Structure formats: structure tokens, C-alpha cells
Amino acid sequence: MSTSVEAPAIPGISAGKVGVWWFLASEIMIFGGLIASFIVFRLGSAGWGASSTHLNVTLAAINTVILLTSSLTVVQAFAAAERGDATALRLFLGLTILGGLGFLGIKAIEYTTEIRAGFTPASGIFWSFYYTMTGLHALHVLGGIAVNVIFFFGRRVRTPHRVELGGLYWHFVDVVWIFLFPLLYLS
Amino acid sequence: MNQARAGTITAEAVAHHAAGGFWRTYVFSTDHKMIAKQYLTLGLAWTLVGGLLAAVMRWQLAWPDTAVPGWGEIGPEVYNMLVTMHGTIMVFFVAMPILLGAFGNFLIPLMIGTRDMAFPRLNMLSVWTFALASLVLFVSFFVPGGAASAGWTGYPPLSARPEYTGVNWGLNLWILAQALEFAAFLMGGVNYLTTAIILRAPGMTFLRVPMVVWQQITAAALFLLSVGPLIAGAVMLLLDRTIGTAFYDPQVGGDPLLWQHLFWFFGHPEVYVVLLPALGAVLEVLPVFSRKPLFGYRWIVGATIVAGGLSFIVWAHHMFISGMDPRLAMPFSITTILISVPFAYIVFAMIATLWRGSIRFATPMLFALGFVAMFTMGGLTGIFNGSAPADIYVSRTYFVVAHFHYTLFSAVFFGGFAGFYFWFPKMFGRMLSEPLGKLHFWLTLVFFNVTFFPLHHIGLAGMVRRVANPLQYEALVPYQWINVVSTVGTFCMVATQLVFALNVVWSLVAGRRAPTNPWEANTLEWAAPSPPPHGNWGPALPTVYCGPYEYSLPEAREDYLPQNLGPARAR
Amino acid sequence: MLNWMQWLPENVSTFGGDVDGVIRTIWYVTVAWFFITLGTLAAFLILYRRRAGRRAAYVKGERLREAAWILVPVVVVVILDLWLDLLGAPVWAKVKIERPVTDLTIQVTGKQFEWEVLYPGPDGKFGTADDRQLLDELHVPVGKPVHIIFKAKDVIHSFFLPNFRLKQDMVPGRTIEGWFEATKPGKYELPCAELCGFGHSGMKGWLYVHPPAEYEQWVKEQWPAA
Ligand code: HEA
Ligand code: HEA
Ligand code: CUA
Ligand SMILES: [Cu+2]
């Protein structure tokens with residue numbers, strides 16, 4: 001029997017990070033479940049791939065670029081927060097928020113044109129998946145925006161730690177889109 | 001160190017909190033122990049509902065042609081609602097809040113030697129989300145059309161269109177309640193895992209963490225990693241019901257089996273989410289009352305993780321005859337039957353722990369032993385289900401009902417009560433009455449078997465699940481006496497619970513005050529006062545010097561060595 | 001009460017015996033383990049109950065020498081598991097994957113809350129004028145494989161013939177195939193085994209197994225023109 005006293009915690013890992021990672025793991029499983037269902041359906045039944053030609057690939061590509069850029073700005077925001085540079089932090093958080101809003105705006109345009117063209121969530125299995133997957137993703141974008149808005153209006157410069165965690169989440173939302181884009185628009 | 005961050009409470013904060021007043025102390029508390037009690041209260045309240053539904057159901061099954069006293073005639077619509085809500089309530093609103101919510105919250109910070117959860121406010125949000133879920137589920141009984149009645153598994157298309165069951169809002173609220181419940185336990189799970197990873201006391205290495213904490217965090221991880229697909233599936237179901245998407249509707253390219261895959265991908269890990277915390281409690285109780293180290297601590301941790309991993313690749317054993325490609329059945333059958341291997345290890349290790357021990361038959365120990373026996377029974381009948389050809393026959397019969405009551409009920413009841421009688425002194429500062437506890441155990445053990453053992457037989461005789469009137473089947477008429485026996489057993493078992501209620505009430509009012517360490521146990525919670533104050537420890541956190549099960553060390557005088565008293569007591 | 005095999009209803013199908021065989025083997029294996037496990041438990045409880053002056057042994061069970069006491073039984077469990085799988089696989093294949101050729105095909109459609117039983121008629125083809133539909137009753141000859149097509153109209157139902165050890169869910173949107181061969185004439189109950197709504201309880205039909213001559217007779221009555 002040993003009676004040594006070793007340090008228990010793992011150095012360099014904060015509670016916040018561990019928590020967010022576990023949270024993201026469960027989020028990944030939500031989108032993973034959806035994406036896996038989509039793929040199985042897609043492989044299992046031919047014919048409805050044609051529906052995806054009604055989507056606007058250009059707008060979606062622009063959206064992809066916007067989201068990727070916003071991932072960049074959120075990294076910059078973290079860097080600024082670590083430097084203690086409040087102005088730069090606000091600037092980059094603001095840009096990230098704008099990116100998110102831009103994404104949602106374009107998504108809204110897409111939705112309206114599609115619905116105008118008669119493609120609603122009830123128009124068949126492809127459209128069910130399309131609206132559910134992008135809709136759930138858009139809700140996550142909205143959540144990410146809300147988090148960044150809180151940081152933006154935070155009275156004092158928040159601990160960089162929190163900005164980092166917010167950024168982690170934002171990257172996750174970004175990565176999900178990287179999967180959705182080819183699956184829905186390009187396949 | 002990291003302890004300074006993330007919600008660790010200092011001694012001053014404790015003093016401050018003590019002046020919090022009624023609302024801060026009992027209602028909007030962030031104290032893990034109060035949150036545990038809130039979960040316990042909600043869980044026990046739901047037990048009354050779930051038990052009532054079961055009793056009504058059993059009456060109907062035994063005497064289908066007579067009105068249920070105090071309830072009235074039961075039509076098949078009502079019966080389906082009873083089954084559905086009984087299953088839902090027992091699994092999600094009794095088992096989870098008691099075994100994870102109450103035990104997890106109470107034990108994890110105390111046993112790893114910290115002052116609270118890593119995110120105390122998230123923890124409060126978790127219990128309040130659960131309360132909201134409870135409210136929604138409760139309200140669903142009273143909306144027009146009544147509560148959900150598509151089975152606790154909610155298979156579409158039955159659940160996807162109101163006209164198939166006649167239930168509209170009841171089912172929407174059922175989905176909403178589940179979603180909220182999942183959210184609550186997601187928050188809880190993140191908290192448990194983070195706390196156990198980050199906030200362990202000095203010296204509390206991973207391999208000194210008590211077994212119940214291991215089981216709790218494995219359960220939390222299983223839950224976090226398995227619930228996602230079902231959340232996605234529930235979103236799809238809700239959209240199918242409300243805005244007309246076609247995920248489960250074959251006419252427009254959907255597939256009803258998609259739901260079954262998503263549900264059981266979660267559902268099988270979920271039964272272990274319920275099992276593991278109970279198993280953990282039993283694994284704590286056994287060494288204490290046999291005064292011996294747990295047999296093969298590391299191996300058990302390994303077996304638990306293996307079982308958890310395997311539970312992700314067995315889900316289709318609920319679907320052998322569902323119409324999925326029959327070539328998939330055997331691979332799933334093999335993984336399913338192999339899952340008996342880690343559990344065999346754990347069962348054998350529990351028994352080996354008793355070998356050459358000095359066994360005391362206190363109430364917690366009786367319940368723990370009851371768990372070992374009853375769980376073995378339930379696990380073994382799982383093998384019949386797990387063999388694809390045998391399952392062709394037993395699937396969807398009462399044999400399965402018997403199987404899962406032997407597993408689930410033994411987890412919630414025998415495992416749960418092993419823990420409850422064991423930690424009650426720590427939780428409430430009073431000792432429970434031993435004679436009443438023993439009476440509670442023996443009567444329940446007997447009546448539990450009277451209730452559920454014969455259900456194996458009627459299942460083998462061909463009685464299918466979820467029927468309101470067994471007498472409609474000619475083959476079953478000669479076996480109706482079994483239903484009567486089972487029902488009588490149920491009523492006796494329910495009546496037995498009065499002994500428990502009496503015990504708790506009497507002990508809380510007039511029970512003997514609990515000493516700090518009434519069972520002479522090693523783990524850290526027994527180093528804190530009974531009940532522990534807010535913040536758990538005095539100004540300094542405990543320091544851990546040894547593993548949790550150092551009982552009957554040959555060189556020591558006493559037969560136990562608390563984890564925080566290493567060198568001071570080793571010689 | 002103790003011999004579970006006696007509780008199964010009489011088997012009257014060709015593959016029912018194989019299914020029962022698997023159940024019986026599992027029964028022997030699990031009963032054996034049940035008594036080994038609980039017997040050991042009981043023995044230890046008696047032998048090692050607390051006695052004055054006796055101290056428990058300090059055995060941690062972490063070293064391989066100690067752990068072997070349970071690792072060996074665990075290996076036995078692994079072997080038994082694999083054996084049960086090996087035993088089960090051909091039976092599963094026989095019932096659910098391989099189908100003997102036959103010229104008798106019946107389509108059974110589950111709907112709330114009836115079995116629609118469709119015979120293709122003398123031409124052996126569905127969708128022709130001589131199709132004949134019965135409700136809640138099936139007629140088949142003894143000693144001849146019957147090919148069944150399972151369908152469902154509204155929700156999931158499950159076709160269960162306890163005496164044949166045959167159960168199959170019927171899923172809307174899917175065409176699922178199965179078969180059975182009766183070994184004994186008689187009238188057998190056919191309950192629905194999957195919750196399908198308020199009429200699930202009591203949703204059942206009857207399967208009539210006729211001796212060959214009687215079956216011919218029945219066919220003549222149904223299709224007098226042919
Ligand atoms: C706590 C809950 C719990 C637990 C622990 C288990 C454990 C197991 N279950 Fe169970 N099960 C349920 C809860 C649980 N189950 C529920 C709720 C349902 C029904 C859901 C519904 O449809 O409503 C269900 C249904 C269910 C089915 C589907 C039946 C059907 O609908 O057709 C199957 C099929 O394989 C199955 C198998 C198993 C197996 C193999 C185990 C194994 O984990 C058991 C392993 C343990 C042992 C085997 C005992 C110890 C080992 C030994 C003593 C060694 C000797 C053993 C051998 C040689 C084999 N279960
Ligand atoms: C944890 C799970 C759990 C528990 C405890 C129970 C308890 C009981 N169950 Fe149930 N049951 C299910 C889970 C559970 N059940 C599920 C999932 C289904 C499937 C539903 C479906 O098909 O959709 C089901 C279905 C089911 C059926 C099948 C109905 C049908 O198919 O038509 C029957 C029939 O007899 C039945 C009976 C009973 C009875 C008599 C009890 C009695 O034991 C109830 C009496 C209550 C008590 C004696 C109190 C127990 C106390 C506690 C649980 C709390 C412990 C507290 C602490 C540790 C502090 N249950
Ligand atoms: Cu049809 Cu049950
Ligand atoms: Cu399972």
C-alpha cells in the first residue's frame with residue numbers, strides 16, 4: 001500500500017475547458033446522429049439526390065467563406081483578450097457577430113426563395129433533412145452569436161479564458177457547417 | 001492550483017451562505033447536497049405516480065373485467081397510456097433522478113474531497129430544468145386526449161400521427177418533457193465529469209477514486225455520448241408531428257425503423273446509465289460490510305469501461321425481428337452475448353469480495369446482496385433475449401418484461417436502497433432503524449419475486465406485452481392465475497413500502513443522531529460531519545493518502561483505514 | 001414451475017424445434033451459472049459471517065495470481081458465449097434468411113386492427129382478378145412450406161405464431177419476407193405482438209392448418225371457377 005500524496009489534477013486544463021469539451025462531445029453526437037441518418041437514407045434510396053439541385057450553391061459557398069472568416073476573427077478576439085487589448089477584443093468580437101448575422105441573413109434568403117419555389121419541409125425526405133439539419137445548425141449559430149454578444153457588452157474585459165471557450169464553441173458550429181455544406185449542396 | 005477557479009467555495013463563502021435564508025437554502029440552492037435532496041424528493045414523488053400506474057395496470061391484468069377500485073373501468077386506450085407513462089416515469093423520472101441526480105450530486109464532491117461541483121450554478125439549473133420537465137410531464141396527464149400512449153419507446157408511425165393513438169398534445173408534451181429531462185442530465189453529466197476530472201483533493205489520484213464515483217462518471221459519459229442521436233430523432237419526430245416533415249413516413253420516403261435505431265442506440269447505453277450508479281453503490285457497500293478490500297479494483301474499473309464501450313454496439317438486439325436486414329442480427333447477437341463477459345467479471349468480483357471477509361448483515365448489506373442475486377437473474381435472462389433465434393420467440397412477450405424488471409428494478413430498488421440506507425446517516429444526520437430496514441428488505445425481496453418471477457412463465461407461454469386484457473387470448477386463459485399471483489405480489493410489495501416510509505419519518509424525527517462514521521468506512525464522505533455543512537470541509541481540504549478499500553490491513557490495529565488518515569494510522 | 005421448457009406452447013413447425021433447442025441450451029447454461037453464482041454467494045455468506053475474534057483477510061485481488069480465481073470462470077463464460085452464438089447462427093439463418101422454394105405464397109398485411117390475408121389465387125400472382133382476401137384467418141396445408149409476404153398499412157404490427165416460434169414485425173413501407181411449414185393440423189392463435197394503438201389488445205387472427213385433402217377442398221370452395 002502506498003501512501004504518497006500526488007497532485008490529483010491534470011496541469012494546464014481548466015474546469016471550463018473540460019466542461020465545454022464534454023458538452024461539445026454530446027453536441028457532436030446530435031449532429032452525428034442526424035448526419036448518419038441522412039447518409040444511410042441517401043445510400044439506401046436513389047432518386048432524391050436530384051432535389052439538391054434546387055439549392056443555391058453560390059449562396060451556400062459564400063456562407064461557408066463567411067463562417068470560416070468568423071472563425072478566424074474569433075481566434076483574433078482570444079488573442080486580443082490575452083493581450084488585455086479591450087478595443088481589439090471588441091472589434092474582433094463585433095466582426096464575429098457580424099459574420100454570424102451575415103450567415104443567418106443569407107440562410108434566410110435561401111429559405112425564403114426555396115419556400116417560394118414550393119419546397120417546404122413537407123416536400124419530401126430530402127427537404128425534411130435539409131431544413132432540419134440547417135435549421136438546427138442555424139439555431140446553434142444563433143446561440144454562438146448570443147454568447148459573443150454577452151462578451152461584447154461585458155463591462156470589463158472578460159478573462160481570456162471565457163473568450164477561448166466561446167471560441168471553441170464557435171469553431172464547433174463552423175465545423176458542423178463544413179460537413180453540412182458538401183452533404184446537402186454538393187452530393 | 002485550478003481549485004481556485006471554477007466554483008470552488010472558500011471558508012468565507014460558507015459563512016456568507018449560511019445567512020442565505022429559506023429560499024437560498026432550500027429552493028434556489030447551489031449546494032450539491034441540497035440539489036441531491038431536491039432530486040431525491042422529485043424522484044420519490046414520481047415513484048408514487050409510477051407505482052400507482054403499475055398497481056392499476058396490474059389490477060387490470062389480473063381482473064380485466066372488473067373496474068379498478070378508486071379508478072373505474074380501464075379501456076384499452078387508458079391501459080396503453082398507463083404502460084407508456086409507467087415506463088417513461090420509472091426510467092426517466094424515478095431511476096435517473098434518484099440514482100444519478102441524488103446519489104451523483106451528493107457523493108461525487110464528498111467522495112473526491114472537494115467543496116462543491118465544478119459548476120454549481122449549472123447544477124442548480126439542471127435540477128430546475130428537471131423540475132420543469134416534471135411539470136410538463138405531469139400536465140400531460142390532464143390535456144385533452146390524455147397522456148402519451150405509444151409505449152415508452154414511442155415507435156412511429158404510431159407516435160408520429162395523432163390519429164393513430166388519439167393522443168395529440170399528450171404526446172407532444174411527452175417529447176418536450178423528455179427533451180427537458182435530457183437537457184437536465186446533460187448539464188448534470190458535464191458537471192460530474194468535470195468535477196471528477198478537475199476537482200479531486202490532494203492525493204486523490206484516479207486509482208484512489210471510490211468505485212461509485214467511477215460508475216457515476218462512466219454512466220455520465222455513456223449518457224452524454226449516446227443521447228445525441230435520440231435528441232436528433234426526437235426533433236425529427238416532433239417536426240413530423242407538427243410541420244409535416246417525412247422522416248418516419250414511408251409514403252414520402254421516410255422510414256419508421258430509423259427511429260428504432262436512434263432510440264436504441266441511446267436506449268441500450270441508457271439501461272447501463274441506470275445500472276452503473278446502482279452497481280457503484282453496491283460496490284461501495286460490499287467492502288465496508290465484509291471488512292475487506294474490493295476484489296480487483298482496477299479490473300472492475302476496466303470491466304465497467306469495457307461494458308460501457310460495448311453498449312454502443314449492441315443496440316439492434318432490440319430489433320432482431322423488427323424487419324431490419326436479417327443478416328445484421330447475428331453480429332449484434334454476438335456483441336450482445338459477449339457483454340455478459342465484463343458483467344460476469346463484476347459479479348464474480350463482488351462475490352470474491354466476500355471470500356474470507358467478516359460479513360455484517362446490516363440493512364445496506366442486505367440490499368446489496370439482494371442486488372447481486374436479482375441482477376444475476378435479470379442478466380441471465382438477458383442472454384435468452386440476446387440470442388437472435390431465441391429472441392424470435394421471447395421478444396415482445398412478458399419474458400422480456402420479467403427480464404427488465406429483474407435488471408431495472410433490482411438496480412433502482414435493491415441498488416438504490418443499498419445506497420439509501422448506507423448514506424442516509426450522512427445525508428440527514430440520523431440513523432435509520434435497523435429492524436424496520438431489515439423487515440423492508442425481506443418483505444420486498446419476497447414480494448418482488450412473487451410479482452415478477454411468474455412473469456417469465458407467462459411470457460414463455462406466449463403472453464405478449466402491452467395488452468389490456470389477457471383473457472382475449474385463448475391460449476392464455478388457463479394461465480390467468482399467474483397474472484393474479486403477480487398482482488397480489490404487487491399489492492403486497494406496495495404495502496411493504498409503508499415500512500420504509502415509517503422508518504424514514506420516524507428516524508428523521510426521533511432517530512439516533514448519526515456519528516461521523518457510523519459504518520467505520522474509509523471513503524472521504526465519512527470524514528465530513530453528518531450531515532456535512534455547506535462547503536463540506538473545514539478551512540482545509542482533506543488530503544488523501546491511500547486507496548478507498550484498505551480494510552483489515554494486517555499491520556494495522558483497527559480494521560479500517562480512512563483515506564485521509566494514511567501515515568497517521570498506518571502503523 | 002422450474003422447468004421453463006414445459007411452459008412453451010406445443011411446437012408445430014419444422015423450425016420450431018431448432019428454436020426450442022437454442023432456448024433449451026441457453027436455459028441449461030444460465031441455470032447452471034445461476035446456481036454456481038448464487039450457491040457460491042450463499043456459501044460465502046455462511047462461511048464468512050462475522051465471528052468474534054476473526055479478522056477478514058487482506059486480499060486485494062489485483063495481482064494476477066488472485067485475479068485468476070475469477071478470470072478463469074470468465075474465460076469459461078467467453079467460451080460458452082461463443083458456443084451459444086455458434087449454435088444460434090444456423091437456426092437464425094434457417095428461420096429468417098434461407099427460404100425453401102414453394103409455390104404457396106400468402107401476403108399478410110397488418111392494419112389497425114386486423115390481419116388482411118391475401119391469396120394470389122390459382123394463377124399464383126398478386127394483383128390479378130382471382131386474388132382473394134380474408135380477414136383474420138389463414139389457411140395452409142400441413143407439410144408444405146408457406147412463403148409469407150409481410151406488409152403493414154398504417155403502423156407497425158407484429159405477426160406472432162406462438163406455436164410456430166415465428167414472430168415478425170410488419171413495417172409500413174417495407175416488404176418483408178418469411179416462411180414456415182406446419183407439421184400438425186389444427187387451429188392456432190395469431191396475436192399481434194407490437195403495440196399498435198387502442199385495438200392492439202385483442203388484435204388477433206387464427207391460422208388453420210389443414211391436412212392436404214381438406215386443404216384441397218378449401219381451395220375448391222374459395223375458387224370454384226378454377
Ligand atoms: C438496468 C437495466 C438492464 C440491464 C442491466 C440489462 C442487461 C442486459 N439486457 Fe436488457 N433490457 C432492459 C434493461 C436492461 N437490460 C430493458 C428495459 C429492456 C426492454 C426495453 C423495451 O423493449 O421496452 C431490455 C431488453 C433487452 C433485449 C431485447 C428484448 C426484446 O425486446 O426482444 C435484449 C436482447 O438482447 C436484452 C439483453 C440484455 C443483455 C444481454 C444484458 C446484459 O447486460 C446482462 C449481462 C449480465 C449477466 C449475463 C449476468 C452475470 C453473468 C454471469 C453470472 C456469468 C454467466 C453468464 C453466461 C455464461 C452468459 N435486453
Ligand atoms: C425502474 C424501472 C421500473 C420499475 C421500478 C417498475 C416497477 C413496476 N413495474 Fe414496470 N415497467 C418498466 C419499468 C419499471 N417498472 C418499463 C420501462 C416498462 C415498459 C413500458 C412499456 O412497455 O412501454 C414496464 C412495464 C411494466 C409492465 C408491462 C405492461 C405491459 O406490457 O402491458 C408491468 C406489468 O406487470 C409492470 C409492472 C410493474 C410493477 C408491478 C412494478 C412495481 O414494482 C411498482 C411498485 C413500486 C414500488 C414497490 C416502489 C419502488 C421504489 C422505487 C423504484 C424507488 C427506490 C427509492 C430509493 C432507492 C430511495 N411494468
Ligand atoms: Cu397490431 Cu398490435
Ligand atoms: Cu438493450
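These exercises with worked solutions concern a predicted model.

**Exercise 1. The copper site**

Find which residues coordinate the copper ion (ligand 4), and state how the donor residues are spaced in sequence.

Solution. 

Step 1. List the donor atoms. The copper ion (ligand 4) is held by ND1 of B:His268, NE2 of B:His317 and NE2 of B:His318, at 1.9 to 2.1 Å.

Step 2. Write the spacing. In sequence, the donor residues follow the pattern H-x48-H-H.

Step 3. B:His268 belongs to helix H9 (residues 256-290) of chain B, while B:His318 sits in the loop between helix H10 (297-310) and helix H11 (329-338) of chain B, so the pair ties together parts that are 50 residues apart in sequence.

Step 4. Classify the two by accessibility.

**Exercise 2. The iron atom**

Solution. 

Step 1. Locate the donor residue. B:His403 is part of helix H15 (residues 398-428) of chain B.

Step 2. Give the distance between the metals. The iron atom of ligand 1 and the copper ion (ligand 4) are 4.5 Å apart.

**Exercise 3. Two residues in contact**

Decide whether B:Met85 and B:Ser140 are buried or exposed, and list what each of them touches.

Solution. 

Step 1. Place the residues. B:Met85 lies in helix H4 (residues 76-112) of chain B. B:Ser140 lies in the loop between helix H5 (120-139) and helix H6 (162-165) of chain B.

Step 2. Apply the cut-off of 20%. B:Met85 has a relative accessibility of 0%, so B:Met85 is buried. B:Ser140 also has 0%, so B:Ser140 is buried.

Step 3. List contacts, leaving out residues up to four places away in sequence. B:Met85 touches B:Leu53, B:Leu137, B:Ser140, B:Phe141, B:Ala147, B:Ala148 and B:Trp174. B:Ser140 touches B:Met85, B:Gly146, B:Ala147, B:Gly170 and B:Leu173.

**Exercise 4. The interface of chain B and chain C**

Describe the interface: how many residues does each chain give, how much area is buried, and which element of chain B gives the most residues?

Solution. 

Step 1. Count residues. Chain B gives 106 residues to the contact and chain C gives 83 residues.

Step 2. State the buried area. The two chains bury about 8200 Å² between them, with 70% of it on carbon and sulfur atoms. Of the area that chain B buries against chain C, 9% comes from B:Phe348, B:Ile392 and B:Tyr393, more than from any other three residues.

Step 3. Count pairings across the interface. There are six salt bridges and 37 residue pairs in polar contact.

Step 4. Name the leading element and the residue classes. Helix H12 (residues 340-354) of chain B gives the most to the side that touches chain C, with 10 residues. By class, this side of chain B has 66 nonpolar, 23 polar and 17 charged residues.

**Exercise 5. Salt bridges**

Examine the salt bridge of B:Arg466 and C:Glu194, then that of C:Asp103 and C:Lys144.

Solution. 

Step 1. Side chains of opposite charge can pair when their charged atoms come close.

Step 2. Take the pair between chains. In the salt bridge of B:Arg466 with C:Glu194, the N to O distance is 3.6 Å. B:Arg466 is in the loop between helix H16 (434-460) and helix H17 (480-510) of chain B, and C:Glu194 is in the loop between strand S9 (186-191) and strand S10 (204-210) of chain C. B:Arg466 is buried at 8%, and C:Glu194 is buried at 4%.

Step 3. Look for further partners. B:Arg396, B:Arg466, C:Asp169 and C:Glu194 are linked in a network of salt bridges.

Step 4. Take the pair within chain C. The closest N and O atoms of C:Asp103 and C:Lys144 are 2.8 Å apart. C:Asp103 is exposed at 65%, whereas C:Lys144 is partly exposed at 27%.

How values were computed:
Residues are numbered from 1 along each chain as its sequence is written. Chains are lettered from A and ligands numbered from 1 in the order in which they are written. This is a predicted model: local features need pLDDT of at least 70, side-chain atom pairs count only at pLDDT 80 or more; totals for chains, interfaces and linings use all residues. Side-chain values use heavy atoms; hydrogens and water are left out. Donors are N, O and S atoms within 2.8 Å of the metal (3.2 Å for Na, K and Ca); water is not among the atoms, so sites may look incomplete. Helices (H or I, at least four residues) and strands (E, at least two) are DSSP runs, numbered from the N terminus. Buried means under 20% relative accessible area, exposed over 50%, partly exposed in between (1.4 Å probe, protein chains only). Contact means heavy atoms within 4.5 Å. Buried area is the accessible area (1.4 Å probe) that two parts lose on being put together, summed over both. A salt bridge is a side-chain nitrogen of Lys or Arg within 4 Å of a carboxyl oxygen of Asp or Glu. A polar contact is a pair of N or O atoms within 3.5 Å; within protein, one must be able to donate a hydrogen and the other to accept it, and residues adjacent in sequence count only if both atoms are side-chain atoms. Ala, Val, Leu, Ile, Met, Phe, Trp, Tyr, Cys and Pro count as nonpolar, Asp, Glu, Lys and Arg as charged, and the others, Gly among them, as polar.
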